[in-house]
Amino acid sequence: MTIRRNTIPARPHGQWAVDGTAPLNHNEVVKAADNGLNVRERIEKIYAIEGFDSIAADDLHGRFRWWGLYTQRRPGIDGGRTATLEPHELEDSCFMLRVRVDGGALSTQQLRVIGEISVEFGRGTADITDRHNIQVHWVQVEDVPEIFRRLDAVGLSTVETAGDVPRVILGSPVAGIAKDEIVDPTWAIGEIVRRYIGDPELANLPRKYKTAITGHPSHDVVHEINDVAFVAMVHPELGVGFDLWVGGALSVAPRLGERLGAFVTEAQVPDVWVAVTSLFRDYGYRRLRNKARMKFLLADWGPAKLRQVLQDEFLGYQLPDGPPAPQPTRSGDHVGVHEQKDGRFYIGAAPFVGRVSGPALIAVADLAESAGSHRVRLTPYQKLLVLDVPAEHVAAVVVGLRENGLEAEPGPFRRSTLACTGLEFCKFAIVETKTTAVATIGALEERLGDLGHLQPISLHISGCPSSCARIQTADIGLKGQLVMDDDGEQVPGYQVHLGGGLSSVDRAEAGLGRTVRGLKVTADGIAEYVERVVRRYVQDRATTHATPATDATPGTDATPEGADATPETFATWAHRAPESSLR
């Protein structure tokens, strides 16, 4: 006797290549009804004339993002109400505007124009993000056409800096100038932008899509947490090219990218990029937005299947196998004074967690030009570089940057702390971040000033679970939430993540941080907690040596004559330390 079982057919994922293009949720309906790129015409011809109240809801909360416009948080709404209010109740009638800077490369003229836009239309606000963008706040829709006009005039744009599109391309900040560069990726980045950014055929992806390309051995573009990435290396038989990565992203379901094991030549990069992007467009999951990033497709398919589909259906040829890129050789934040391959210098400087201002950007443009430079770069670490500085002007540029809030000789925590926009402007935030980070940096550099040789310990602060400040890949990552203080009151605070990091001089492979059950800290208790855990690390860390040593014990830095001591990194210690040491 055969027993028949009733089976419920699996619900479709919304993959265009499998399930067809019929939209399965409201976001997909909005995108299918009108391409987000088309909203610029309505902004210029209708909304800028008739004002904020004239903006259609699907444009305001959807398509405006295709042109880098988000309504910002209405002042006075505390973080405890973020999850309980509707978008229209949270938002102000002003916008955050995001300027796209592919490869992080700006001329001083472009930097000055952004500064002028900030001063005239954004109350002087400006933030350098950790994705090569500059964000300006307090923008009125009536001013957007003039802002677009000024950006267009100097070759800049806000296009596709948000939305379900190819976002800004991270590129090595020292492309074309570094003495130890493997290959300059500027051409490849430029070709992708020229051919594909703003292309309607690629302006309706399942979700956001992030790209990173570096030709520098420091791996300075956080490639492991991008949807697609190209990392320079030298193939033993085929020469210089790139190692192809896919599927990295953080947020509430973090997943590190994976190598496809494929070697890509410089000339192939644009074609491979559009092939991977098209694969994501056609096979990415669209039904549930919280499952729509490339990382979920990679998790289900695995790198071997994804590579085969890429080659068979989108490239039309097989990519040769290739080895991984070597471990980084030096820091990828590029802070400090460094000689270029042409004998001039670039100077990398740290603002406080990316917070600058319109007047400061104008002043930096003037300062660079006074030294004979016409180029600056942004980094994925919320830093700014001035390029092409002659030796005789280096000292003056360092001082001039300092006078404008950018430090080329920062302390360890100013150098290594990131923070997202936070409660001040972001509708998704639960807690404040920027002001908290600045206060914490000052307190830590005073509290831990006696540890003069302490290597930078990265501290990343996010105002919500979205992890825009990359909390899972920091030595100490803080995820914003409401917590209970010692008096039982609900106050702004953070869940603590420990021991995360990307590939670096001290770390061969990326890894996510660990959490400890119940380990949370109030916003005003961050400095006290970080001091406590760092001092425990310094006390407990092990020390290894390049040569055998018998007289060095854990917790000491004793070094036998002729041996090179390597203290255990904070991340390594944090993953092995007992929970009691991490509280």
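**View 1. Helix α6 packs against helix α11.** In this predicted model, the axes of α6 (residues 108-121) and α11 (residues 358-370) come within 7 Å and cross at roughly 155 degrees. Axes are lines fitted to C-alpha atoms over the stretch in contact, with angles from 0 to 180 degrees between N-to-C directions. The angle makes α6 roughly antiparallel to α11 (over 145 degrees). The contact (heavy atoms within 4.5 Å) includes Leu111, Ile114 and Val119 of α6, and Leu361, Ile362 and Val364 of α11. Its residues divide into nine nonpolar, five polar and four charged; Gly counts as polar.

**View 2. The buried side of helix α3.** Helices are DSSP runs of H or I, at least four residues, and strands are E runs of at least two. Val39, Arg40, Ile43, Tyr47 and Ala48 are the buried residues of α3 (residues 39-50); buried means under 20% relative accessible area with a 1.4 Å probe. They cover an arc of only 95 degrees around the axis, which puts them on the same side of α3. The arc is taken from directions between the helix axis and the C-beta atoms. These buried residues pack against α4 (57-60), β1 (69-73) and α7 (144-153).

**View 3. The opposite face and the end of α3.** Lys45, Ile49 and Glu50 are exposed (over 50%) on the face turned away from the buried side. Just after α3, glycine 51 takes a positive phi of about 95 degrees.

**Notes.** Residues are numbered from 1 along each chain as its sequence is written, and side-chain values use heavy atoms, without hydrogens or water. Local features need pLDDT of at least 70, and side-chain atom pairs count only at pLDDT 80 or more, while totals for chains, interfaces and linings use all residues.

Key. Parallel < 35°, antiparallel > 145°, perpendicular 65-115°, else oblique.
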